[in-house]
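Student: Hi! I have a new structure open and could use a guide. Can we go through it together?

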Amino acid sequence: MGQPYQPNYLMTPDIERKPLIPGYMNYPEGKMASAAMNPAMSPPYYPPAAATSPAMCTDGPTAPLPEWTDIPGYEGMGTFEGGGKFLPPPDVGPIPGAVPTPTNANWTVPFISEDVAREALLTYANSKCCYRSTAAQEMNFQELQPFNTYRYRLETFTESRACAWVTTPFTGQPVDSPAYGPAPQPWEIPVQVPSMFQDKEMKIPVPRTSSLKACPQCLGTCKTVCTKCHGTRRVNCWVCHGTGRRMDDRCHHCGGCGTERCTTCHGSGHVTCVGCSGRGQILNYIELTVTWKNNIYEFVADHNSEFPTELFTKVNGEKIFTNEQLLLAPLNNFPSPAINQASLNGLQQHHSQFAASSQILRQRHGTEWLPLTKVVYIWKDNRYDYFVYGKENKVYTDNYPQKCCCAVM
């Protein structure tokens, strides 16, 4: 099989004048500038959500009370579920330069030989438990028709940040309160970026946002009313279900009274407070969640055949172009116009989807040549066909003549 030419491509000619993110004239080379260094930064934005009560949750630590949340830049986080997301600061830095044009625009169209086509069908037949390989061995080739196509793949590696109030039982840990200074804004907090194009999540306490309070569930008493007996210390007998009788006789388990001592609270009527784990105090702070995600856009150009396109997801192609930059410009001189349009669509889609709420750290895209050949053959005076696809020379067919080894062929 021939090897396709390995080119580079020109970026869109006017990319130096028209940034992909409207309103942003420059793009960063590294970490984004902090909001404090750039007065033009948009203020933090918290998406609307249903309001919730900040106190008295019996299943665990509660959200902060309204008077706890007067931290500049984080106002309102105690009244919305899920905290809030923040717009990244404006990008700074030069727009990536154009990639050199190919030195040779002669494209070769690889094709498979009859030997490769026969071996592929033999492998396919041998992989099936009830297929015979005689047809693959004895077939006469009539036509090998290439339907080669291309796959475009774009990866946009983003970082997004969200904040939410977190409450945890106080066990003596340090209280980093606003008394030590102003809290940094979400995009001012330094983090170690993981390996590029790999998903990861990190949770970090926001400095100088901690506060120590009496637990609002137990009011600092360390105990809450037992939810099983509701403080009565007794519950219905599990044997007689509160009737006091069993099989027309007095229940021997409860002595006929119909109740028994509550085993949840051991008859005390109260249990250890869940919100503070019996400590009486809770530590409340803002937690920053940093999410790195590799977002993928793929497109396979039309191959004008009846071959199921979704099967290409299971095979590899021959890479003929790849490029990685901070921000990419769309391809504009690839031999397939559909790939050029897919590149433009993919980049626009990713910028529209991620640039307003995330920091784009890196992008890479590339194209693959996807081998696809329709093989037409004759066996025992009947005409059959199959497709050979991918670098792995996989076979797809729905009319192989020897599908059952017990059939008389």
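Predicted model: local features only at pLDDT ≥ 70, side-chain atom pairs only at ≥ 80, totals over all residues.

Student: Which residue does glutamate 324 form a salt bridge with?

Tutor: Its partner is arginine 362, and the closest N and O atoms are 3.2 Å apart. This pair links distant parts of the chain, with arginine 362 in strand S14 (residues 359–370) and glutamate 324 in strand S13, 38 residues apart.

Student: And arginine 362, what is its relative accessible area?

Tutor: Arginine 362 has 26%, so it is partly exposed.

Student: How many salt bridges does the count come to?

Tutor: Ten. Some of them share partners, and in that way Arg153, Glu155, Glu298 and Arg364 are joined into one network.

Student: Why do such pairs form at all?

Tutor: Side chains of opposite charge can pair when their charged atoms come close.

Student: What does glutamate 318 pair with?

Tutor: The side chain of glutamate 318 meets that of lysine 391 in a salt bridge, at 3.8 Å from N to O. Glutamate 318 belongs to strand S13 (residues 318–325), while lysine 391 is in the loop between S16 and strand S17 (394–396), 73 residues apart.

Student: Is glutamate 318 buried or exposed?

Tutor: Buried: its relative accessible area is 15%, and the cut-off for buried is under 20%. Lysine 391 has 44% relative accessibility, so that residue counts as partly exposed.

Student: Where is lysine 293, and what does it meet in a salt bridge?

Tutor: Lysine 293 is in strand S12 (residues 281–300). Its side chain meets that of aspartate 199, at 4.0 Å from N to O. Aspartate 199 sits in the loop between strand S3 (149–169) and strand S4 (200–205), and the two residues are 94 apart in the chain. Lysine 293 itself is partly exposed, with a relative accessible area of 40%.

Student: New topic! How many residues does the largest nonpolar core have?

Tutor: It has 20 residues, and those with the most contacts inside it include Leu121, Tyr377 and Val395. Helix H1 (114–126), helix H2 (134–138), strand S15 (372–379) and strand S16 (382–389) each supply at least two residues of this core.

Student: Which of these gives the most?

Tutor: H1 does, with six residues.

Student: What does valine 395 touch?

Tutor: Leaving out residues up to four places away in sequence, valine 395 touches Ala120, Leu121, Tyr124, Tyr386, Phe387, Val388 and Tyr389. Another core lies apart from this one; that core has 16 residues, among them Val191, Phe197, Ile204 and Ile286.

Student: What can you tell me about the phi of phenylalanine 197?

Tutor: Phi there is near 65°, a positive value in a residue other than glycine. Most residues other than glycine have a negative phi. Phenylalanine 197 lies in the loop between S3 and S4, and at 10% relative accessibility it counts as buried.

Student: What about histidine 230? Buried or exposed?

Tutor: Exposed, at 61% relative accessibility. Histidine 230 also has a positive phi, of about 55°, and its place is in the loop between strand S6 (223–225) and strand S7 (234–236).

Student: Last one: where is glycine 73?

Tutor: Glycine 73 is in the segment before strand S1 (84–85), and its relative accessibility is 17%, so it counts as buried.

Notes. Residues numbered from 1 in each chain as written. Heavy atoms only, no water. Helix = DSSP H or I, 4+ residues; strand = E, 2+ residues; numbered from the N terminus. Buried < 20%, exposed > 50% of the residue type's maximum accessible area, 1.4 Å probe, protein only. Core = buried A, V, L, I, M, F, W, Y, C linked by side-chain atoms within 4.5 Å. Contact = heavy atoms within 4.5 Å.
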